[in-house]
Amino acid sequence: MTAPAQVAHWFHALSDETRVRIVEMLSHKERCVCELEQVLEIAQSKLSFHLKVLKDAGLIADRREGRWMFYGLQRETLDQIAAYTKSVKPGKHAGSCAVACCD
Amino acid sequence: MRRLWLLRMAKHWPKIRPGLPPLPHALHLEMAHVAQWFHAASDTTRLSILEFLSQRDRSVGELSQIVSAPQSTISYHLKVLKESGLVDESRAGRHRYYSLRGETLDNMIAFTRTVGPGTHRGTCPLTCCTSPLTYQENLIRFGP
């Protein structure tokens with residue numbers, strides 16, 4: 001079971017509309033900041049901030065190519081998010097709570 | 001009258017481009033909704049509430065006992081969860097019980113699946129998706 005703080009961190013990264021759109025765009029292929037900026041129509045400073053939040057949560061990884069930074073999605077983190085969400089589905093309780101029912 | 005109405009509807013009906021399937025993507029989830037679900041789950045207290053609710057339906061009092069937080073805090077967090085559609089409320093006599101909504105969790109899983117690298121289905125406004133030729137190529141490469 002992953003630490004709750006880590007899980008909260010992942011979900012926080014996806015809790016903004018702009019960041020969800022960035023993730024969608026990156027699902028196609030790696031993209032450079034220039035492409036993202038052009039499509040999302042937001043200032044580069046804002047974009048950098050959102051990319052940093054996503055990067056800190058481990059959802060995306062960057063790669064430098066010459067002058068440009070390319071951003072790509074991290075499949076493992078998405079899989080972990082899906083796995084966590086699956087584990088809390090109703091009736092799927094894994095028995096991790098500190099109450100009598102789980103002892 | 002009815003005929004006129006139908007004609008008007010047909011006129012404004014979204015045209016399906018010949019040879020191209022309608023754009024399927026991320027279950028056509030509204031971005032704002034996706035962000036709201038993930039926002040609801042982005043707090044450690046709310047996450048523990050979710051975990052406790054995943055076993056069975058519980059009342060506020062029970063939850064505040066387990067999480068050891070005041071009832072008002074739990075009520076607030078439950079409100080956030082309810083507004084984003086992660087939790088349902090039901091009444092039994094004087095008590096209110098809260099339960100998880102499986103659909104929303106399924107939708108969240110579906111979202112992480114549809115944005116997995118290589119599963120893009122051609123919705124971004126760049127040339128790769130808007131030009132029909134590249135869209136077809138993507139279909140061949142990634143499947144429908």
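The model is predicted, and local features need pLDDT of at least 70, side-chain atom pairs count only at pLDDT 80 or more, and totals for chains, interfaces and linings use all residues. Residues are numbered from 1 along each chain as its sequence is written, while chains are lettered from A and ligands numbered from 1 in the order in which they are written. Helices (H or I, at least four residues) and strands (E, at least two) are DSSP runs, numbered from the N terminus.

**Chain B overall**

- Chain B holds eight helices and three strands, and from the N terminus on its elements follow the order α-α-α-β-α-α-β-β-α-α-α.
- Of the 144 residues of chain B, 24% count as buried, where buried stands for 20 or more other C-beta atoms within 10 Å of the residue's own, exposed for 12 or fewer, and partly exposed for the range in between, with C-beta atoms placed from the backbone.
- Among the contacts in chain B with a separation of 6 or more, 51% join residues 24 or more positions apart; two residues are in contact if their C-beta atoms, placed from the backbone, lie within 7 Å.

**Contact between the chains**

- Helix α1 (residues 4–13) of chain A packs with helix α3 (residues 44–53) of chain B at an angle of about 105°, and their axes are 9 Å apart; axes are lines fitted to C-alpha atoms, for helices over the stretch in contact, and angles run from 0 to 180 degrees between N-to-C directions.
- That angle makes α1(A) roughly perpendicular to α3(B), given that angles under 35 degrees count as roughly parallel, over 145 as roughly antiparallel, 65 to 115 as roughly perpendicular and the rest as oblique.
- On the α1(A) side the contact is made by A:P4, A:A5, A:V7 and A:A8, and on the α3(B) side by B:T44, B:L47 and B:S48.
- The residues of this contact of α1(A) with α3(B) comprise five nonpolar, two polar and no charged; Ala, Val, Leu, Ile, Met, Phe, Trp, Tyr, Cys and Pro count as nonpolar, Asp, Glu, Lys and Arg as charged, and the others, Gly among them, as polar.

**Sheet of chain A**

- Chain A has an open sheet of three strands in the order β1-β3-β2, with antiparallel pairing, where two strands pair if DSSP finds at least two bridges between them.
- The edge strands are β1 (31–32) and β2 (60–65) of chain A, each of which pairs on one side only.
- β2(A) pairs with strand β3 (residues 68–73) of chain A in the antiparallel sense over six bridges, and in β3(A) A:Y71 is the bridge partner of A:D62, as A:L73 is of A:I60.
- The hairpin of β2(A) and β3(A) has two residues between the strands, and in this hairpin A:G66 takes a positive phi near 65°.
- Helix α2 (residues 17–26) of chain A lies across β1, β2 and β3 of chain A and runs at about 90° to β3(A).

**Sheet of chain B**

- Chain B also has an open sheet of three strands in the order β1-β3-β2, with antiparallel pairing.
- β1 (58–59) and β2 (87–92) of chain B stand at the edges, each with a single partner strand, so one side of each is left without a neighbour in the sheet.
- β1(B) and strand β3 (residues 95–100) of chain B pair in the antiparallel sense over two bridges, and B:S59 stands opposite B:Y97 in β3(B).
- α3(B) lies across β1, β2 and β3 of chain B, running at about 95° to β3(B).

**Helix packing within chain B**

- The axes of α3(B) and helix α4 (residues 60–67) of chain B come within 11 Å and cross at roughly 115°.
- In this pair B:T45, B:S48, B:I49 and B:F52 of α3(B) meet B:L63, B:I66 and B:V67 of α4(B), and by class the contact has five nonpolar, two polar and no charged residues.
- α4(B) packs with helix α5 (residues 71–83) of chain B at an angle of about 110°, with their axes 9 Å apart, and the two helices are therefore roughly perpendicular to each other.

**The loop residue B:A69**

- B:A69 lies in the loop between α4 and α5 of chain B and is partly exposed, with 16 other C-beta atoms within 10 Å.
- Leaving aside its neighbours within four places in sequence, B:A69 is in contact with B:T45, B:S64 and B:I74.
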